[in-house]
Amino acid sequence: MSESKVSRIERCHLRRRAGSWAFADRNRESIEAHWQRRRASNPGFFNGRVFVMEPPRLSGGVLEADLIETDFASFLFWKENGYPDAAARDGFGSALIRACGGEVLLGRQLPGHVNSGLLYMPGGFIDLSDVKQDGLIDIDGSIAREIGEEIGLGLQHFKRRSGYLVTQLGSQVSIAVELVSPLDAETLRKLLLQRIAQQKEPELADFAIFAKPPGAECSDVAAFSRLAVSAVLEGQ
(Lines give C-alpha, C1' and ligand atoms only; values in the text may rest on other atoms or scores of the structure.)
Protein backbone atom coordinates (compact mmCIF):
# COMPACT_ATOMS: atom_id res chain seq x y z
CA MET A 1 0.00 0.00 0.00
CA SER A 2 1.38 3.38 -0.93
CA GLU A 3 1.55 6.25 1.53
CA SER A 4 -1.24 8.79 1.85
CA LYS A 5 -0.23 12.39 1.28
CA VAL A 6 -0.91 15.55 -0.70
CA SER A 7 1.98 17.33 -2.44
CA ARG A 8 2.25 20.50 -4.48
CA ILE A 9 4.60 20.02 -7.40
CA GLU A 10 5.80 22.11 -10.32
CA ARG A 11 5.88 19.63 -13.20
CA CYS A 12 4.69 16.20 -14.32
CA HIS A 13 6.72 13.89 -16.52
CA LEU A 14 4.49 10.97 -17.49
CA ARG A 15 5.34 8.54 -20.26
CA ARG A 16 3.85 5.47 -21.86
CA ARG A 17 5.78 2.25 -21.29
CA ALA A 18 5.71 -0.46 -23.91
CA GLY A 19 4.35 -3.88 -23.08
CA SER A 20 1.24 -5.32 -21.48
CA TRP A 21 0.06 -5.32 -17.88
CA ALA A 22 1.20 -8.63 -16.35
CA PHE A 23 -1.68 -8.64 -13.84
CA ALA A 24 -4.25 -8.46 -16.64
CA ASP A 25 -2.47 -11.20 -18.60
CA ARG A 26 -2.48 -13.53 -15.58
CA ASN A 27 -6.14 -12.94 -14.72
CA ARG A 28 -7.77 -12.79 -18.16
CA GLU A 29 -10.37 -15.49 -17.52
CA SER A 30 -11.49 -13.97 -14.21
CA ILE A 31 -11.51 -10.50 -15.76
CA GLU A 32 -13.80 -11.65 -18.57
CA ALA A 33 -16.26 -13.28 -16.15
CA HIS A 34 -16.29 -10.17 -13.96
CA TRP A 35 -16.81 -7.95 -17.00
CA GLN A 36 -19.83 -9.92 -18.16
CA ARG A 37 -21.44 -9.54 -14.72
CA ARG A 38 -20.71 -5.82 -14.55
CA ARG A 39 -21.97 -5.17 -18.09
CA ALA A 40 -25.23 -6.89 -17.17
CA SER A 41 -25.75 -4.44 -14.30
CA ASN A 42 -24.25 -1.41 -16.10
CA PRO A 43 -24.93 -1.71 -19.86
CA GLY A 44 -23.36 1.71 -20.42
CA PHE A 45 -19.88 0.48 -19.50
CA PHE A 46 -17.51 0.53 -22.47
CA ASN A 47 -14.35 -1.54 -22.60
CA GLY A 48 -12.08 1.18 -23.93
CA ARG A 49 -8.32 1.55 -23.60
CA VAL A 50 -7.03 3.17 -20.40
CA PHE A 51 -3.76 3.29 -18.46
CA VAL A 52 -2.53 2.11 -15.09
CA MET A 53 0.45 3.79 -13.48
CA GLU A 54 3.59 2.24 -12.08
CA PRO A 55 4.62 3.60 -8.64
CA PRO A 56 5.42 7.29 -9.17
CA ARG A 57 8.62 9.04 -8.17
CA LEU A 58 8.37 12.49 -6.63
CA SER A 59 11.51 14.58 -6.22
CA GLY A 60 12.48 18.22 -6.53
CA GLY A 61 8.96 19.35 -7.35
CA VAL A 62 8.63 16.89 -10.25
CA LEU A 63 6.39 13.81 -10.49
CA GLU A 64 7.68 11.09 -12.80
CA ALA A 65 5.82 7.91 -13.69
CA ASP A 66 5.49 5.27 -16.38
CA LEU A 67 2.03 4.16 -17.50
CA ILE A 68 0.94 0.87 -19.06
CA GLU A 69 -1.94 0.53 -21.51
CA THR A 70 -4.75 -1.88 -20.61
CA ASP A 71 -8.50 -2.22 -21.06
CA PHE A 72 -11.23 -0.86 -18.82
CA ALA A 73 -12.44 -4.37 -17.96
CA SER A 74 -9.04 -5.23 -16.46
CA PHE A 75 -8.90 -1.95 -14.58
CA LEU A 76 -12.40 -2.45 -13.16
CA PHE A 77 -11.63 -6.00 -12.03
CA TRP A 78 -8.48 -4.75 -10.28
CA LYS A 79 -10.26 -1.82 -8.62
CA GLU A 80 -13.30 -3.76 -7.47
CA ASN A 81 -11.16 -6.51 -5.99
CA GLY A 82 -9.26 -4.10 -3.76
CA TYR A 83 -6.30 -3.26 -6.04
CA PRO A 84 -4.52 -6.63 -5.55
CA ASP A 85 -1.57 -5.74 -7.82
CA ALA A 86 0.55 -3.66 -5.45
CA ALA A 87 2.94 -2.78 -8.29
CA ALA A 88 0.28 -0.68 -10.06
CA ARG A 89 -1.50 2.57 -9.28
CA ASP A 90 -4.82 4.04 -10.33
CA GLY A 91 -3.39 7.27 -11.75
CA PHE A 92 -5.71 9.91 -13.21
CA GLY A 93 -6.19 13.63 -13.78
CA SER A 94 -8.54 15.78 -11.70
CA ALA A 95 -9.75 19.37 -11.46
CA LEU A 96 -9.95 21.03 -8.07
CA ILE A 97 -12.53 23.73 -8.76
CA ARG A 98 -12.67 26.78 -6.48
CA ALA A 99 -14.93 29.80 -6.32
CA CYS A 100 -13.50 33.30 -5.95
CA GLY A 101 -13.98 33.12 -2.19
CA GLY A 102 -11.83 29.98 -1.94
CA GLU A 103 -14.62 27.43 -1.57
CA VAL A 104 -14.20 24.08 -3.34
CA LEU A 105 -16.96 22.58 -5.50
CA LEU A 106 -17.20 18.81 -5.89
CA GLY A 107 -19.43 17.06 -8.41
CA ARG A 108 -21.78 14.18 -7.56
CA GLN A 109 -21.56 11.41 -10.14
CA LEU A 110 -24.66 9.77 -11.53
CA PRO A 111 -25.19 5.98 -11.36
CA GLY A 112 -23.47 3.83 -13.94
CA HIS A 113 -19.99 5.33 -13.51
CA VAL A 114 -16.89 4.41 -11.49
CA ASN A 115 -17.60 7.04 -8.77
CA SER A 116 -21.37 6.48 -8.82
CA GLY A 117 -23.15 8.48 -6.11
CA LEU A 118 -19.96 10.02 -4.71
CA LEU A 119 -18.82 13.62 -4.53
CA TYR A 120 -15.41 14.00 -6.17
CA MET A 121 -13.09 16.29 -8.09
CA PRO A 122 -14.16 16.08 -11.75
CA GLY A 123 -11.68 14.18 -13.89
CA GLY A 124 -11.03 10.73 -15.22
CA PHE A 125 -8.92 8.23 -17.06
CA ILE A 126 -5.81 8.96 -19.04
CA ASP A 127 -6.48 7.44 -22.46
CA LEU A 128 -4.79 6.95 -25.82
CA SER A 129 -5.71 10.43 -27.05
CA ASP A 130 -3.50 11.88 -24.29
CA VAL A 131 -0.34 10.17 -25.56
CA LYS A 132 1.83 12.31 -27.83
CA GLN A 133 4.00 10.97 -30.64
CA ASP A 134 7.08 10.91 -28.40
CA GLY A 135 5.27 8.73 -25.85
CA LEU A 136 4.86 11.50 -23.28
CA ILE A 137 1.42 11.96 -21.74
CA ASP A 138 -0.35 15.31 -21.86
CA ILE A 139 -1.97 15.34 -18.42
CA ASP A 140 -3.19 18.93 -18.85
CA GLY A 141 -4.93 17.98 -22.07
CA SER A 142 -6.45 14.94 -20.38
CA ILE A 143 -7.88 17.06 -17.56
CA ALA A 144 -9.17 19.71 -19.98
CA ARG A 145 -10.99 17.04 -21.99
CA GLU A 146 -12.52 15.43 -18.92
CA ILE A 147 -13.81 18.63 -17.36
CA GLY A 148 -15.22 19.75 -20.69
CA GLU A 149 -17.19 16.52 -20.81
CA GLU A 150 -18.22 16.52 -17.16
CA ILE A 151 -18.92 20.15 -16.24
CA GLY A 152 -19.40 21.77 -19.63
CA LEU A 153 -16.83 24.52 -19.00
CA GLY A 154 -13.35 24.85 -20.44
CA LEU A 155 -10.11 26.04 -18.89
CA GLN A 156 -10.76 29.54 -20.26
CA HIS A 157 -13.49 29.98 -17.64
CA PHE A 158 -10.97 29.70 -14.80
CA LYS A 159 -7.63 30.99 -13.64
CA ARG A 160 -5.25 28.06 -13.30
CA ARG A 161 -2.96 27.98 -10.32
CA SER A 162 0.56 27.03 -11.38
CA GLY A 163 1.77 23.51 -10.77
CA TYR A 164 -0.19 20.45 -9.70
CA LEU A 165 -1.74 19.03 -6.55
CA VAL A 166 -0.85 15.33 -6.27
CA THR A 167 -2.91 13.21 -3.88
CA GLN A 168 -1.60 9.74 -3.10
CA LEU A 169 -4.04 7.59 -1.15
CA GLY A 170 -3.62 3.85 -1.13
CA SER A 171 -3.39 2.75 -4.74
CA GLN A 172 -4.87 5.98 -6.12
CA VAL A 173 -2.83 8.87 -7.51
CA SER A 174 -4.81 11.99 -8.41
CA ILE A 175 -2.93 14.61 -10.41
CA ALA A 176 -5.03 17.75 -10.08
CA VAL A 177 -4.91 21.24 -11.47
CA GLU A 178 -6.41 23.94 -9.27
CA LEU A 179 -8.91 26.06 -11.19
CA VAL A 180 -10.26 29.29 -9.67
CA SER A 181 -13.46 30.87 -10.99
CA PRO A 182 -14.15 34.63 -10.88
CA LEU A 183 -17.66 33.75 -9.64
CA ASP A 184 -18.85 33.33 -6.07
CA ALA A 185 -19.67 29.79 -4.97
CA GLU A 186 -23.46 29.90 -5.36
CA THR A 187 -23.32 31.60 -8.76
CA LEU A 188 -20.71 29.09 -9.96
CA ARG A 189 -22.83 26.16 -8.77
CA LYS A 190 -25.87 27.53 -10.64
CA LEU A 191 -23.81 27.94 -13.81
CA LEU A 192 -22.49 24.39 -13.54
CA LEU A 193 -26.00 23.03 -13.03
CA GLN A 194 -27.15 24.92 -16.13
CA ARG A 195 -24.31 23.43 -18.17
CA ILE A 196 -24.94 19.81 -17.16
CA ALA A 197 -28.68 20.29 -17.76
CA GLN A 198 -27.81 20.97 -21.41
CA GLN A 199 -25.86 17.74 -21.82
CA LYS A 200 -27.45 14.74 -23.56
CA GLU A 201 -25.67 12.20 -21.38
CA PRO A 202 -24.46 13.99 -18.23
CA GLU A 203 -22.12 12.26 -15.80
CA LEU A 204 -22.87 14.58 -12.88
CA ALA A 205 -26.11 15.23 -11.01
CA ASP A 206 -25.18 18.10 -8.69
CA PHE A 207 -22.38 20.08 -7.07
CA ALA A 208 -21.62 20.55 -3.39
CA ILE A 209 -19.83 23.57 -1.94
CA PHE A 210 -17.18 23.14 0.74
CA ALA A 211 -15.94 26.19 2.65
CA LYS A 212 -14.23 23.97 5.22
CA PRO A 213 -12.81 20.43 5.10
CA PRO A 214 -15.45 17.69 4.79
CA GLY A 215 -16.38 16.32 8.21
CA ALA A 216 -17.08 12.74 9.22
CA GLU A 217 -20.74 13.28 8.35
CA CYS A 218 -19.78 13.75 4.68
CA SER A 219 -19.43 10.02 4.04
CA ASP A 220 -20.29 10.46 0.36
CA VAL A 221 -17.07 12.32 -0.47
CA ALA A 222 -14.60 10.12 -2.37
CA ALA A 223 -11.61 9.46 -0.12
CA PHE A 224 -8.99 10.94 -2.44
CA SER A 225 -11.07 14.10 -2.87
CA ARG A 226 -11.60 14.39 0.87
CA LEU A 227 -7.84 14.35 1.40
CA ALA A 228 -7.16 16.92 -1.34
CA VAL A 229 -9.97 19.30 -0.32
CA SER A 230 -8.92 19.15 3.32
CA ALA A 231 -5.34 19.98 2.37
CA VAL A 232 -6.18 23.06 0.28
CA LEU A 233 -8.77 24.40 2.71
CA GLU A 234 -6.28 24.03 5.54
CA GLY A 235 -3.85 26.19 3.59
CA GLN A 236 -1.54 23.72 1.89
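Which residues are buried in helix α6 (residues 223-233)? They are Phe224, Ser225, Ala228, Val229, Ser230, Ala231 and Val232. Buried means under 20% relative accessible area, exposed over 50%, and partly exposed in between (1.4 Å probe, protein chains only). This is a predicted model: local features need pLDDT of at least 70, side-chain atom pairs count only at pLDDT 80 or more, and totals for chains, interfaces and linings use all residues. Residues are numbered from 1 along each chain as its sequence is written, and side-chain values use heavy atoms, with hydrogens and water left out.

**Overall build**

- The chain has 6 helices and 13 strands. Helices (H or I, at least four residues) and strands (E, at least two) are DSSP runs, numbered from the N terminus.
- For 236 residues, a compact globule would have a radius of gyration near 18 Å; the chain has 17 Å, which agrees. The radius is taken over C-alpha atoms, and the globule rule is 2.2 Å times the number of residues to the power 0.38.
- Along the principal axes, the C-alpha atoms fill a box of roughly 50 × 45 × 40 Å.
- Of the 236 residues in the chain, 50% are buried.

**Aromatic pairs**

- There are 12 aromatic pairs in the structure. Rings of Phe, Tyr and Trp (its six-membered ring) pair if their centres lie within 6.5 Å; planes under 30 degrees apart count as stacked, over 60 as edge-to-face and the rest as tilted.
- Trp35 and Phe45 are stacked, because their ring centres are 6.3 Å apart and their planes are at 15°.
- This pair links distant parts of the chain: Trp35 is in helix α2 (residues 28-41), and Phe45 is in the loop between α2 and β3 (49-53), 10 residues apart.
- Trp35 is buried at 7% relative accessible area. Phe45 is buried at 8%.
- Phe72 and Phe75 are also a stacked pair, because their ring centres lie 6.3 Å apart with planes at 25°.
- Both Phe72 and Phe75 belong to helix α3 (residues 72-80), 3 residues apart, about one turn of the helix. An α-helix has 3.6 residues a turn, so residues three or four places apart point the same way.
- Phe72 is buried at 6% relative accessible area, and Phe75 is buried at 1%.
- Ring pairs join a cluster that includes Trp21, Phe23, Phe77, Trp78, Tyr83 and Phe125.

**Largest pocket**

- The largest pocket has a volume of about 880 Å³.
- Its lining counts 32 residues, of which His113, Val114, Phe125, Glu146 and Glu203 lie nearest the centre.
- Elements giving two or more residues to this lining are β3, α3, β6 (90-98), β9 (123-124) and α4 (139-151).
- A pocket is an open set of points on a 1 Å grid over the protein atoms alone, where a 1.4 Å probe fits, with protein on both sides within 12 Å along at least five of seven lines; lining residues have an atom within 4 Å of a point. Grid points are joined across faces, edges and corners, and a volume is the space filled by probe spheres set on the points.

**Other local features**

- Ser162 lies in the loop between β10 (159-160) and β11 (164-169). At 65% relative accessibility, Ser162 is exposed.
- From C-alpha to C-alpha, Ser162 and Gly82 are 34 Å apart in space, and they are 80 residues apart in sequence.
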